[in-house]
Amino acid sequence: MGGELLDIAAARLREASSLFVVTGAGISAESGIPTFRGAGGLWEGFSFQSLATPEAFAEDPGRVWRWYRWRAEQYGECLPNPGHDVIAQMEAAIPEVLIATQNVDGLHRRAGNVNVVELHGSIADMRCVACERLAPFPQGAIVDDPVPRCAHCTAAMRPHILWFGETYWPGILEQAQAAARQADVCLVVGTSAQVWPPVALALHARDCGAYLIDVNPEVTDLSRTADAHLIGPSGTVLPELWERVGR
Ligand code: BJW
Ligand code: ZN
């Protein structure tokens with residue numbers, strides 16, 4: 001990682017009064033949560049693209065539920081890592097901060113962030129397919145039918161997660177766009193930048209004048225257009241960056 005670029009990025013963060021953060025699966029990699037794209041992306045021979053869709057749920061809700069229960073079990077054992085901790089410290093130090101996360105693991109809140117928008121939902125919740133009421137995600141081993149039923153109307157429940165082809169919940173993108181518009185710095189961490197509109201939010205921030213920092217060990221379409229691509233794992237890069245900011 002170039003020390004000079006790190007210093008420039010740190011200087012922008014030191015002066016920032018408004019910060020917009022976009023995170024993806026990479027920030028939780030060092031907490032032990034596998035990323036989507038890349039090695040290890042298969043589950044029982046299915047790719048995540050064939051499980052995270054409304055069509056997959058309609059075809060075999062039990063299979064989709066078993067995948068999410070398996071993931072929820074994994075997530076339950078994971079803790080925030082130094083990358084999450086730095087983002088919590090940023091929220092405490094900078095007047096206006098919003099975290100728009102694509103992750104459903106809840107680790108930003110567990111690290112202490114409050115201003116979090118969960119763009120793709122949360123693995124802590126499930127939702128009725130008919131009446132749309134939310135309920136806590138089931139805990140423990142699956143007994144009998146893996147598909148939980150709604151306590152109000154007995155219809156099937158589904159994970160409260162945004163699948164491919166689904167429209168973002170009302171207000172979610174608007175809230176993120178407003179933060180993007182007024183940001184002095186946009187910090188993107190650990191996303192392959194393949195899913196729209198999260199990428200569009202970061203580009204919108206930059207178009208509105210924000211300095212765009214991307215933290216990722218790999219090159220992505222977004223890192224190529226960023227003002228600063230800080231190359232490396234976020235659990236190392238973010239603490240180094242924040243130390244140089246000294247806020
Ligand atoms: C590290 C690291 C370390 C490793 N430190 N980094 C325009 C153009 C083309 C297509 C579309 C378009 N607009 C819409 C679409 C369709 C589609 C889409 O984007 N498709 C593309 C794949 C082509 N989008 C949608 O369907 C979305 N809906 C929508 O757009 O509605 C229309 C609409 C929009 C606006 C208004 C009104 C209507 C919905 C998308 C929902 C995505 N859901 C998923 C699955 C569910 C979540 C779950 O089960 O958990 O969400 S897909 C999956 O990808 C998941 C993630 O949140 C999402 C993003 O992945 P992410 O986070 O980037 O992870 P990876 O694995 O891809 O990358 C990890 C990165 O970390 C890598 O770069 C590593 O290098 C890095 N890394 N270790 C830092 N230690
Ligand atoms: Zn219901």
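## A tour around ligand 1

Start by selecting ligand 1: the shell around it draws at least three residues from each of domain 1 (3-32 + 80-120 + 168-245) and domain 2 (42-77 + 126-161), with bounds from an automatic or database domain assignment. This is a predicted model, where local features need pLDDT of at least 70, side-chain atom pairs count only at pLDDT 80 or more, and totals for chains, interfaces and linings use all residues. Residues are numbered from 1 along each chain as its sequence is written, and side-chain values use heavy atoms, leaving out hydrogens and water.

Next, show the 36 residues around the ligand; R37, Y68, R71, T191 and S192 come nearest. A residue is near if one of its heavy atoms lies within 4 Å of the molecule. By class, this shell has 18 nonpolar, 13 polar and five charged residues; Asp, Glu, Lys and Arg count as charged, Ala, Val, Leu, Ile, Met, Phe, Trp, Tyr, Cys and Pro as nonpolar, and the others, Gly among them, as polar.

Now pick out some polar contacts (pairs of N or O atoms within 3.5 Å). Select H120: a polar side-chain atom there lies 2.8 Å from an oxygen atom of ligand 1. At L162, a polar backbone atom is 3.0 Å from a ligand nitrogen. At W196, a backbone N or O atom sits 2.9 Å from a ligand oxygen.

P197 is found in the loop between β9 (185-189) and α7 (198-207); strands (E, at least two residues) and helices (H or I, at least four) are DSSP runs, numbered from the N terminus.

Finally, visit E132, which has a positive phi of about 65° although it is not a glycine. E132 is in the loop between β6 (121-128) and β7 (134-136).

Technical notes: Chains are lettered from A and ligands numbered from 1 in the order in which they are written. A polar contact is a pair of N or O atoms within 3.5 Å; within protein, one must be able to donate a hydrogen and the other to accept it, and residues adjacent in sequence count only if both atoms are side-chain atoms.
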